[in-house]
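Please read the paragraphs below alongside the sequence and the coordinates.

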Amino acid sequence: MTSRGTFSDEPLSPAGRLFIDPKTDVVIHCIAVSKNPIDLDVAKTALKSSVMVQHPRFCSLLVRDENGFEHWRRTELDIDRHFIVIKNRLNKSGKFVGENETQGFDDDDGDGDGEGAVNQYVADLSVSSPLSMDKPLWELHLLKAHNCVVFRIHHALGDGFSLMSMLMAGSEKVDVPAAVPPIKTEGIKSGKRRDWFWLLSLLWGVFKMVRYTLVFVLEFVVRSLFVCDRKTVISGGEGIEFWPRKLATAKFLLEDMKEVKRAIPNTTINDVLLAMVSSGLSRYLEHRTPNALHEGLRLTGVAMVNVRANPRLQELSKVIEKNSKARWGNKFGATLIPVFHHKGGNNPLQYLKRAKVMNDKKKHSMEAYFTYKIRDLVMTLLGPKYVCLLYYKLLCNTTFTISNFVGPLEHITLAGHPVSNIKFNTSSLPQAISMHMLSYAGRVEMQLLVAKDIIPDPEFLAKCFQDALLEMKMAAIETNKA
């Protein structure tokens, strides 16, 4: 929408301008499944009084002034225009079926009515249904027959951190857990020897930070310009974002990940995730192209990392404060996540050891912060066109996108409806596979959005990830017993 700018308009952030370019246009999809049938009137009433519709971003149009600059402009919000109600059932292909039809209807999973049908509905949205620019950039799709709500929110409104804070602000806990007693800690005794050790550790840490930051930022720039992954059966490329999609869900227990984590000291859940992805992709590639890929072949992923001073989820009131360290918006940098193809060995925990080594290097670098600053610098000097080309080229040169968010720790309700599970993904990218993981009440679900002409069997790919975790869990149990 083109219009003359006004003094009340708020300019779009650099990251927001990135996400509205046709090549890098991204919509976030959040799927929430209710345990009970959803009452439309109750849902509308709750939404009208929610913090979401009171937030300026969700009540503003995206407009361009006569100079081509984008702004947010406040407007009257018509809730009914944002509600899309689907009453009919969907089959596995995402198509509507009649009341008496059951053929092709997926009702074999215990977590929601027709998960495969809902997944395909969202997969179709990810390619062919951009958000309308004549209203604020969000929608709510209510799939009544599946007790499911699909939130569609443009990435220009905010990143995953902001939107998760919004979700938490609009929800209530089903059970209030007992308070956790504080942990007593002993003070560190001072001394000259300990002071010297602390100083040497600090200098060594600074050296590693500078070294790894230079290496990883240089690699990021090179990957964005001309170096690309070797082509495999799961590789994407320019134009792949327009290809039809399929969506599958891999399911895990958080306790299984913790069991694996305990097998190696100082390991994190992110280390387990990276090991699981490396092992799962190796399994899938070996299934599709047996003995065709050499040992140690690198596949590169792109992860968006929160660069706020306070990276933990905060109350919404703190997120929208002007001087908050956890400010609303798109505050993220990009980091490259390399995984390596290895054929199955005797010890599946080798994947975890390799993942830990790589993640430890990433944690000692400031790669995400510098890529965030590079993006803003290029935006200021050259404009959004060149930033979009840079990011688009980066996605074409890599194999997958991955993200991981910590969701609610306990079961929650939305508009009085108890939520059985939550998962999210984004609209299609030039890569053939995107992986988005969210934890909720002790369970973890990974959404796998794939180009179906390149990866026709995402359900098998999901099983590869699940089997990889179970195999590492069994090895970890044996290790922990020893």
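Contact here means heavy atoms within 4.5 Å. The model is a predicted one. With that cut-off, and leaving aside neighbours within four places in sequence, Met 446 is in contact with Ala 248, Thr 249, Ala 250, Phe 252, Leu 273, Met 276, Val 277, Met 435, His 436, Met 437 and Phe 465. Met 446 belongs to the largest nonpolar core, which has 50 residues. Phe 252, Met 276, Val 277 and Leu 281 are, together with Met 446, the residues with the most contacts inside that core. Another core lies apart from it and has 38 residues, including Cys 30, Leu 62, Val 149 and Leu 414. In soluble globular proteins, nonpolar side chains tend to be buried together.

Cys 30 is buried, at a relative accessible area of 16%. Cys 396 is likewise in no disulfide, as the nearest cysteine sulfur, in Cys 228, is 9.8 Å away. Cys 396 counts as buried too, with 12% relative accessibility.

Next come two paired strands. Strand β3 (residues 60–64) is largely enclosed by the rest of the structure, because four of its five residues are buried. Strand β4 (residues 70–74) runs antiparallel to β3, and five bridges join the two. One of the residues involved is Val 63, whose bridge partner in β4 is His 71. The hairpin of β3 and β4 has five residues between the strands, and in it Gly 68 takes a positive phi near 90°.

His 82 is in helix α3 (residues 79–82) and counts as buried at 1% relative accessibility. Beyond residues up to four places away in sequence, His 82 touches Leu 77, Lys 135, Pro 136, Trp 138, Glu 139 and Leu 140.

Val 260 is found in helix α7 (residues 254–261), and its relative accessibility is 0%, so it counts as buried. Not counting residues up to four places away in sequence, Val 260 touches Val 272, Leu 349, Leu 352, Leu 469, Met 472, Lys 473 and Ala 476. The C-alpha atoms of Val 260 and Ala 476 are 5.2 Å apart in space, although the two residues are 216 residues apart in sequence.

Asn 359 lies in helix α10 (residues 349–363). Its relative accessibility of 12% counts as buried. Leaving aside neighbours within four places in sequence, Asn 359 is in contact with Asn 270, Asp 271 and Leu 274.

The structure holds eight aromatic pairs. One of them is the tilted pair of Phe 19 and Phe 332, with 5.7 Å centre to centre and 35° between the planes. This pair links distant parts of the chain, since Phe 19 is in helix α1 (residues 14–19) and Phe 332 is in strand β13 (residues 332–340), 313 residues apart. Both Phe 19 and Phe 332 are buried. The ring of Phe 332 also has the charged end of Arg 375 over it, 4.9 Å from the ring centre. Elsewhere, Lys 44 lies over the face of Phe 83, at 5.7 Å from the ring centre.

Conventions: Residues are numbered from 1 along each chain as its sequence is written. This is a predicted model: local features need pLDDT of at least 70, side-chain atom pairs count only at pLDDT 80 or more; totals for chains, interfaces and linings use all residues. Side-chain values use heavy atoms; hydrogens and water are left out. A nonpolar core is a set of buried Ala, Val, Leu, Ile, Met, Phe, Trp, Tyr and Cys residues joined through side-chain atoms within 4.5 Å. Buried means under 20% relative accessible area, exposed over 50%, partly exposed in between (1.4 Å probe, protein chains only). A disulfide is a pair of cysteine sulfur atoms within 2.5 Å. Two strands pair if DSSP finds at least two bridges between them. Rings of Phe, Tyr and Trp (its six-membered ring) pair if their centres lie within 6.5 Å; planes under 30 degrees apart count as stacked, over 60 as edge-to-face and the rest as tilted. A charge sits over a ring if NZ of Lys or CZ of Arg is within 6 Å of the ring centre and within 35 degrees of the ring normal.
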